[in-house]
Amino acid sequence: FYAYRGIRLLRKRLLHYFGDATTALVLLLIAFGTNLNYYVLYEPFMSHAYSFFLFAWLIDVSIQWYEEPSKQSAWKLGLVAGLIALTRLPNAIVLLLPLLYGVNNWQEFKRSIGRWFTNYYILYALLPALCIYGIQLAYYQIVSGSLLYYSYQQERFFFASPHILEGLFGFRKGWFIYTPLMFAAFAGLLFLKRKAKKFFLPLMIYLPLSIYVVLSWWCWWYGGSYGMRALIENYALLAFPLAALVDWLLERRFRLALTSWIIGLGVIWLSLFQTEQYKKQLITYDSMTFKAYKAVFLHRHAPINFNELLEYPDYDRAKFENKP
């Protein structure tokens, strides 16, 4: 339900900038060509499908706020902000979007900030946000006796040494390896300024920050998971640069447009095939290497020596020394 609603909200806002063909292909790619599909169908109790919906909703209400600031749109922004923080606190950095959407220079940024202090809009946003996140604080108070409680105990972020390259390109859990579609989405940033300029600065600031925070966690491969699950919610935002790239391709000659559809369907097939491989443990949740990936690539059965090709992480060493 929530993933579907997220797709519907994305469609509404993609059509604001792109045509039907581009929007249709992008939505197909996001829904079936990424690991969002896995977390909708097979692990729905994880937070990511719900956060995907909330990110899509944030895009929708941010555009509403930009086009017509009002008490109602400020209240909606506060509502979705509180839900995003309540669902997964590190995702709160995405709230840069309503501040930076449509901003292209310093004057526009000052105007964006100043808009919040007109007609007490900031209060209409803060009230629902604090009330919703207050649910978490109240729970901590009841359970632990303190409003602030760190439930992860000895687990922590290593902000001085994030695993950026391994998290993006490594075969243990590389984002671009197991969701190659995102490589195309990042390439689409080159076209985004021409197609959807208002998203350009927010994404250029938010995406590096999000990747940095996610891959600074001690268990940067996020344990038992398929692909880089901690970045799934970003697909709602990355739909726009992906659409910019797809739109550019579809505007070319018929042959290139047809090739784009064929490649897109190929990406969907590969994603679904690798999802089945993960379910059958041909892709392991924390121990893949280049040799192991190569040995099972496009295969339905693992070789006899498959376990010898794996490299199991040392969880205790990763937790305390940031070295798996």
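A search of the whole structure, a predicted model, finds three cavities of 30 Å³ or more. The largest cavity has a volume of about 60 Å³. Its lining includes Phe55, Arg88, Pro90, Asn91 and Ile93. Tyr206, Ser210, Val213 and Val214 also line the largest cavity, as do Ala230, Glu233 and Asn234. Helix H13, residues 200-214, gives the most to this lining, with four residues. Sorted by class, the lining of the largest cavity holds seven nonpolar, three polar and two charged residues.

The largest pocket has a volume of about 780 Å³. It is lined by 25 residues, and the closest to its centre are Arg88, Leu89, Pro90, Ser151 and Tyr152. Two of these names, Arg88 and Pro90, also occur in the lining of the largest cavity. Helix H5 (71-87) and helix H8 (121-144) are the elements that give two or more residues to the lining of the largest pocket. By class, this lining has 16 nonpolar, six polar and three charged residues.

The second largest pocket has a volume of about 290 Å³. Its lining is made of 16 residues. Nearest its centre lie Ala81, Leu95, Ala125, Leu126 and Ala129. Here the elements that give two or more residues are H5, helix H6 (96-100) and H8. H8 supplies the largest share, six residues. The lining of the second largest pocket divides into 14 nonpolar and two polar residues, with no charged residues.

The backbone was considered last. Most residues other than glycine have a negative phi. Tyr120 is not a glycine, yet its phi is positive, at about 60°. Tyr120 sits in the loop between helix H7 (106-115) and H8. Is Tyr120 buried or exposed? Its relative accessibility is 61%, so Tyr120 counts as exposed, the cut-off for exposed being over 50%.

Asn322 also has a positive phi, of about 65°, although it is not a glycine. Its place is in the segment after helix H17 (315-321). Asn322 has a relative accessibility of 7% and therefore counts as buried, since buried means under 20%.

Definitions and conventions. Residues numbered from 1 in each chain as written. Predicted model: local features only at pLDDT ≥ 70, side-chain atom pairs only at ≥ 80, totals over all residues. Heavy atoms only, no water. 1 Å grid on protein atoms, 1.4 Å probe; cavity = no way out; pocket = protein on both sides within 12 Å on 5 of 7 lines; lining within 4 Å. Points joined across faces, edges and corners; volume = space filled by probe spheres on them. Nonpolar A, V, L, I, M, F, W, Y, C, P; charged D, E, K, R; others polar. Buried < 20%, exposed > 50% of the residue type's maximum accessible area, 1.4 Å probe, protein only.
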